[in-house]
Amino acid sequence: MKPENTMKIEFPSLSRNEAFARGAVAAFLAWLDPTMEEMGDIKTAVSEAVTNAIVHGYPHEQGTILLTCNTYSDRTVEIEVEDRGVGIANIQEARTPMFTTGGSDRSGMGFTIMEKFMHDLSVESHPGEGTKVRMTRKLRKTGGFT
């Protein structure tokens, strides 16, 4: 299915840009008039994906993050967060709750949170090439501005 609308933004892997990414997605989706719960869930999932790219994708250097958001006529929202960082050697292990490569100050719950708040989550990664996280959520039927 072809997207009804698309947004793509690219930004440096700076922690302060996590809030920017979350806000950009919220602004892009506002016309769909999602519930506060839907918007909160989506913003949380975006925060987790972007934070993962910053902390784990580029642990020793600054890089670039590409955020893409698509909307479809059936009110499905698809969000991709992509980095060209170190990649993930073992995706299954990385998706295990409490697993982290980010040190003792990290909870290891990023993928678990994304899975909880979105309807579908997929992760593609190649060591030394980067990671792409794709999340989808179908919004309720009512609402939306014309």
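Helix α2 passes helix α4 in a left-handed crossing. Left-handed means that the near helix is turned anticlockwise from the far one by less than a right angle; clockwise would be right-handed. This is a predicted model, in which local features need pLDDT of at least 70 and side-chain atom pairs count only at pLDDT 80 or more, while totals for chains, interfaces and linings use all residues. Residues are numbered from 1 along each chain as its sequence is written, and side-chain values use heavy atoms, leaving out hydrogens and water.

Two packed helices are described by the angle between their axes and the distance between the axes. Helix α2 covers residues 36-57 and helix α4 covers residues 110-117. Their axes come within 9 Å and cross at roughly 155°. Axes here are lines fitted to C-alpha atoms, for helices over the stretch in contact, and angles run from 0 to 180 degrees between N-to-C directions. So α2 and α4 are roughly antiparallel to each other. The cut-offs are simple: under 35 degrees is roughly parallel, over 145 roughly antiparallel, 65 to 115 roughly perpendicular, and the rest oblique.

Which residues of α2 and α4 make the contact? From α2 come D41, T44, A45, E48, A49 and N52. From α4 come G110, F111, I113, M114 and F117. Contact means heavy atoms within 4.5 Å. By class, the contact of α2 with α4 has six nonpolar, three polar and two charged residues. Ala, Val, Leu, Ile, Met, Phe, Trp, Tyr, Cys and Pro count as nonpolar; Asp, Glu, Lys and Arg count as charged; the others, Gly among them, count as polar.

## The overall plan

The protein has four helices and five strands. Along the sequence they follow the pattern β-α-α-β-β-α-α-β-β. Both kinds of element are DSSP runs numbered from the N terminus: helices are H or I with at least four residues, strands are E with at least two.

Of the 146 residues in the protein, 45% are buried. Buried means under 20% relative accessible area, exposed means over 50%, and partly exposed lies in between (1.4 Å probe, protein chains only). Now take contacts between residues at least 6 apart in sequence: 67% of them join residues at least 24 apart.

## The sheet

Strands of a sheet pair through backbone hydrogen bonds, either parallel or antiparallel. Here, five strands form an open sheet in the order β1-β2-β3-β5-β4, with antiparallel pairing. Two strands pair if DSSP finds at least two bridges between them. The edge strands are β1 (5-12) and β4, and each pairs on one side only. Neighbouring strands are turned by 10° against each other on average, direction ignored. Helix α2 lies across β1, β2, β3 and β5, and runs at about 175° to β5.

How many bridges join β3 to β5? The count is eight, and the two strands run antiparallel. In this pair, E78 stands opposite T136 in β5. Is β3 enclosed or open? Eight of the eight residues of β3 are buried, so β3 is largely enclosed by the rest of the structure. Both of its faces are covered, with T76, E78, E80 and E82 on one side and V77, I79, V81 and D83 on the other.

Strand β2 (residues 64-71) and strand β3 (residues 76-83) run antiparallel and are joined by seven bridges. I65 stands opposite D83, and L66 stands opposite E82.

Strand β4 (residues 120-126) alternates its side chains. L121, V123 and S125 point to one face and are buried. E124 stands opposite K132 in β5. This hairpin has three residues between its strands, and G128 in the turn has a positive phi of about 80°.

Most residues other than glycine have a negative phi, and most peptide bonds are trans. R75, in the loop between β2 and β3, has a positive phi near 75° without being a glycine. R75 is buried, with a relative accessible area of 10%. D33 is not a glycine either, and its phi is positive at about 50°. D33 sits in the loop between α1 (17-29) and α2. D33 is partly exposed, with a relative accessible area of 31%.
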